[in-house]
Amino acid sequence: MTQGFFAKNPSVLIFLACLGLFTVVVTVLAEGAGAGVISTSFVKTLGKTLCLALVAVAMDLVWGYTGILSLGHFAFFGLGGYMIGMWLMYERTRGIVEASLADAPLPPTQAEISNAIGNQIFGVVGSSEFPLIWAFSGSLTLQLMLVVLVPGALALVFGWLAFRSRVTGVYLSILTQAMTLALALYLFQNDSGLRGNNGLSGLQNLPGLEEVPQSIVSLWFFWASAFALAAGYVLAAWSVSGKFGSVLRGIRDNEARVRFLGYSVETYKLFTFTLTAMIAGIAGALYYPQAGIINPAEIAPIASIYLAVWVAIGGRGRLYGAVIGASFVSLMSSWFTGGQAPDIPLGPVSLKWVDWWLVLLGLSFVAVTLFAPKGIGGVFDLIGGRMPRKRHGADLGPDMGSLREKEAGE
């Protein structure tokens with residue numbers, strides 16, 4: 001079965017081979033491997049880029065293949081980061097507190113240790129009590145489960161309410177954006193239990209491995225990000241390659257017709273929406289330990305809009321296009337906003353890319369929409385000869401997309 005899948009989808013093998021080669025090259029040239037050609041900070045940038053590519057694959061699955069323009073998938077990405085961030089921050093703080101109390105005249109009680117940890121974590125918001133949502137923060141296994149369960153549960157509830165009401169099109173996009181905004185506004189509050197605007201910090205430090213240099217830790221996360229992207233890509237490609245994928249494309253192109261044929265459209269949409277939310281949660285759980293910090297600004301609606309822009313630039317409806325789009329924009333953003341792009345003198349003024357990067361990104365999105373609707377991925381279609389074939393003959397169905405006479409005889 002696996003051999004048949006890869007035989008029918010050689011592009012998946014090509015993608016995995018390119019990703020594997022890229023991973024090996026970065027590893028060999030990384031500072032952690034001794035070569036020092038690629039700095040630790042850039043390895044982290046590449047690792048974060050792979051995570052963004054994974055969430056872009058999820059976005060392409062729900063938008064490019066199913067036709068659901070979700071403007072809230074970065075909320076699931078952020079929730080995954082918060083779930084793993086709670087464990088990282090709790091365990092790191094616990095180690096610091098226990099070390100500081102080790103020389104106390106009397107051994108500290110568990111309650112004293114817990115209070116000290118609470119003061120360290122929540123002192124910035126004027127509290128020392130652990131909220132209920134931190135109940136499992138001391139267990140890595142449970143927090144890893146929450147990485148997929150919390151985004152999945154939110155997507156399941158939201159999707160069930162929206163899809164059963166048959167909300168579609170721009171109205172559904174507005175609802176997903178409203179969900180994201182409501183979640184961000186809630187997390188900005190100090191009594192949300194997640195430190196409000198301060199967010200969770202120090203996530204780059206792995207508990208118990210403080211002596212391991214960041215050059216090595218960055219490689220570990222880079223490998224994990226590459227593996228997650230490979231697994232997510234294969235899962236998405238397998239989902240859209242068979243009958244399930246045909247139904248998804250049918251929902252995207254003509255939802256009423258698919259419903260008329262007897263398929264449970266709401267079930268397909270809900271499953272895809274929930275699955276992609278879980279994938280986004282995993283991507284976020286790998287991204288934020290490399291970023292080192294997460295706060296509610298990361299979940300703002302604008303982030304989900306950027307996600308849609310990445311997919312559009314890369315090529316909607318092409319999984320490799322989503323990866324290309326996210327990687328291209330992420331690396332260009334790092335280059336332009338990191339001060340590496342030289343300023344352009346224009347007489348009395350100077351063009352600073354740090355200030356104009358978002359304008360350039362917006363213009364790129366408009367240009368792709370108007371002149372290259374297939375995005376960057378369309379170039380690979382030309383190279384691979386995947387242009388849609390010319391259709392001739394009379395229609396055999398009620399609309400212009402129906403089977404033609406010539407095709408029926410082939």
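**Entry: Arg195**

I looked up Arg195 and found it in the loop between α7 and β1 (200–201). I note here that this is a predicted model. Is Arg195 buried or exposed? Its relative accessible area is 6%, and buried means under 20%, so Arg195 is buried. Next I checked its backbone. Arg195 has a positive phi of about 65°, although it is not a glycine. I wrote down the general rule beside it: most residues other than glycine have a negative phi.

I then turned to Arg166. It sits in the loop between α6 and α7. At 51% relative accessibility, Arg166 counts as exposed, because the cut-off for exposed is over 50%.

**Entry: Arg166 and its partner**

Which residue meets Arg166 in a salt bridge at 3.6 Å, N to O? I found Glu266 there. Glu266 lies in helix α10, while Arg166 lies in the loop between α6 (140–164) and α7 (169–188), so the pair ties together parts that are 100 residues apart in sequence. Salt bridges that share partners join Arg166, Glu255, Arg259, Glu266 and Lys269 into one network. As a reminder to myself, side chains of opposite charge can pair when their charged atoms come close.

**Entry: Arg94 and two glutamates**

How many salt bridges does a search of the whole structure find? It finds seven. I followed Arg94 next. Arg94 forms a salt bridge with Glu91, and the closest N and O atoms are 2.6 Å apart. Arg94 also forms a salt bridge with Glu98, where the closest N and O atoms are 3.1 Å apart.

Where do these residues sit along the chain? Arg94 and Glu91 are three residues apart in helix α4 (residues 73–100), so about one helical turn separates them. Arg94 and Glu98 are four residues apart in helix α4, and about one helical turn separates them too.

I compared their surroundings. Glu91 has 13% relative accessibility and counts as buried. Arg94 is partly exposed, with a relative accessible area of 27%. Glu98 is partly exposed, with a relative accessible area of 35%.

**Entry: helix α10**

Helix α10 covers residues 265–291. I then looked at burial. Of the 27 residues of α10, 21 are buried, so the helix is largely enclosed by the rest of the structure. After α10 comes Gly292, whose phi is positive, near 90°.

**Entry: helix α11**

I went on to helix α11, residues 301–314. It has 14 residues and reaches 21 Å from its first C-alpha to its last. That is close to the 20 Å expected at 1.5 Å a residue. How many of its 14 residues are buried? Eleven are, and α11 is mostly covered. Among the buried residues I listed Pro301, Leu307, Trp310, Ile313 and Gly314. Gly315 follows α11, and its phi is positive, near 125°.

**Entry: α3 against α8**

Here I looked at a pair of helices. The axes of helix α3 (residues 40–65) and helix α8 (residues 214–241) come within 8 Å. They cross at roughly 15°. Angles under 35 degrees count as roughly parallel, so α3 and α8 are roughly parallel to each other. α3 passes α8 in a left-handed crossing. What is the contact made of, by class? It has 17 nonpolar, seven polar and one charged residues.

**Entry: Gly126**

Last, I checked a loop glycine. Gly126 lies in the loop between α5 (110–122) and α6. At 71% relative accessibility, Gly126 counts as exposed.

Notes: Residues numbered from 1 in each chain as written. Predicted model: local features only at pLDDT ≥ 70, side-chain atom pairs only at ≥ 80, totals over all residues. Heavy atoms only, no water. Helix = DSSP H or I, 4+ residues; strand = E, 2+ residues; numbered from the N terminus. Expected span 1.5 Å × (residues − 1). Buried < 20%, exposed > 50% of the residue type's maximum accessible area, 1.4 Å probe, protein only. Axes fitted to C-alpha atoms, helices over the stretch in contact; angles between N-to-C directions. Parallel < 35°, antiparallel > 145°, perpendicular 65-115°, else oblique. Left-handed = near helix turned anticlockwise from the far one by under 90°. Nonpolar A, V, L, I, M, F, W, Y, C, P; charged D, E, K, R; others polar. Salt bridge = Lys/Arg side-chain N within 4 Å of Asp/Glu carboxyl O.
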